[in-house]
Structure formats: C-alpha cells, structure tokens
Amino acid sequence: MGIRRDFQRRRDGRATTMPRDFLTHGKRKAPEPLEGNIPVVVMALTSVWGILLVGSLPFHSRLADHDAEWWIGSCGAGVLLGLYGLWFVRRRETAALRRAADATTPARGNGGVGPTETGTTSPENHPDDDAHPQHRD
C-alpha cells in the first residue's frame with residue numbers, strides 16, 4: 001500500500017529483481033560495505049561463547065532444576081559454529097588473496113596453445129605443433 005512497487009515483474013506477475021534504492025526510493029545513496037578484520041571478529045565472538053560455556057558448566061545442576069540445560073547446549077553450539085565460521089572465513093580470505101595474486105601476475109597466453117594476447121601466433125605456442133610432430137626440431 002505505502003510501498004512503491006517499481007521493480008520489474010515477470011509475465012506471471014511475480015517480481016524478478018528489486019532495485020537497490022527500493023527502501024530509500026532513491027533519496028539516499030547506499031553506504032559502502034564495511035571493511036574489517038573478519039577472522040578477529042569471529043575469533044572474539046567464538047571466545048565469548050567459549051567463556052559462557054565454561055562459565056555455565058559449574059551451574060549445570062541448577063540449570064537442570066529450572067529446565068534451562070539448553071543454555072549449555074546453546075553455548076556449545078555457539079563455539080562449534082564459531083569454529084566453523086573461523087575456518088570458512090580463513091578459507092574465503094585465502095581464496096581472495098589467491099585470486100588477487102592471479103590477477104596481478106602477467107598472463108601467459110592460453111596455456112601455451114593458440115594465439116597470444118596480441119592475437120598473433122608465436123612459434124612457441126602454435127596450435128598445429130601437437131597435430132604435426134614431424135615439423136619439430
């Protein structure tokens with residue numbers, strides 16, 4: 001009712017994409033994403049869950065009396081999910097660094113086969129070399 005419906009629709013009437021300024025109606029520009037040291041944040045929050053887990057273990061019997069043993073399970077799940085998150089974030093950052101390193105290294109053509117970046121075929125990577133081995137020196 002009060003929301004403007006200006007995104008694209010398919011033939012069946014369902015929305016396909018929502019514009020970036022859907023909530024702001026173009027009045028404000030979307031902020032830039034925050035940059036930070038994500039592994040440190042994940043490690044800190046995982047440590048908080050670990051401290052809560054260790055802190056709640058001495059009160060296991062009291063928690064059991066009040067049907068609140070799930071607190072310990074929640075803390076354990078927080079630690080396990082935090083460790084998974086730490087592994088995931090490190091793997092993602094390693095892959096991003098590898099992609100950045102691959103993007104900065106000069107390209108070597110098409111694996112030694114076919115035309116070079118300039119579009120010419122050099123003798124080292126001529127496509128017919130594999131097809132005609134008798135022409136090799």
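User: Which backbone oxygen does the side chain of T46 reach at 3.5 Å?
Analyst: That of G82. Keep in mind that this is a predicted model.

User: And which backbone oxygen does the T46 side chain reach at 2.7 Å?
Analyst: The backbone oxygen of V42.

User: Where does T46 lie?
Analyst: T46 is part of helix α1, which covers residues 38-56.

User: Is T46 buried or exposed?
Analyst: Buried. Its relative accessible area is 9%, and the cut-off for buried is under 20%.

User: What is T46 in contact with, leaving aside its neighbours within four places in sequence?
Analyst: With V79, G82 and L83. G82 is also the residue whose backbone oxygen the T46 side chain reaches at 3.5 Å.

User: Let's go to the helices. How do the axes of α1 and α3 cross?
Analyst: At roughly 160 degrees, and the two axes come within 8 Å. Helix α3 is residues 70-104. The crossing angle means that α1 is roughly antiparallel to α3, since angles over 145 degrees count that way.

User: Is that crossing left-handed or right-handed?
Analyst: Left-handed, as α1 passes α3.

User: What classes of residue make up the contact of α1 with α3?
Analyst: There are 13 nonpolar, eight polar and two charged residues in that contact.

User: Now E93. Where is that?
Analyst: E93 is in helix α3.

User: Which residues does E93 touch, not counting those up to four places away in sequence?
Analyst: I38 and P39.

User: How far apart are E93 and I38?
Analyst: In sequence they are 55 residues apart, and in space 9.2 Å, C-alpha to C-alpha.

User: What is the relative accessible area of E93?
Analyst: It is 30%, so E93 is partly exposed. That class runs between the 20% limit for buried and the 50% limit for exposed.

User: Last topic, D67. Which loop does D67 lie in?
Analyst: The loop between α2, residues 60-65, and α3.

User: What is phi of D67?
Analyst: Near 55 degrees, which is a positive value in a residue other than glycine.

User: And is D67 buried or exposed?
Analyst: Exposed, with a relative accessible area of 68%. T46, by contrast, is buried at 9%.

Conventions
Residues numbered from 1 in each chain as written. Predicted model: local features only at pLDDT ≥ 70, side-chain atom pairs only at ≥ 80, totals over all residues. Heavy atoms only, no water. Axes fitted to C-alpha atoms, helices over the stretch in contact; angles between N-to-C directions. Helix = DSSP H or I, 4+ residues; strand = E, 2+ residues; numbered from the N terminus. Parallel < 35°, antiparallel > 145°, perpendicular 65-115°, else oblique. Left-handed = near helix turned anticlockwise from the far one by under 90°. Nonpolar A, V, L, I, M, F, W, Y, C, P; charged D, E, K, R; others polar. Buried < 20%, exposed > 50% of the residue type's maximum accessible area, 1.4 Å probe, protein only. Polar contact = N/O pair within 3.5 Å; in protein donor to acceptor, adjacent residues only side chain to side chain. Contact = heavy atoms within 4.5 Å.
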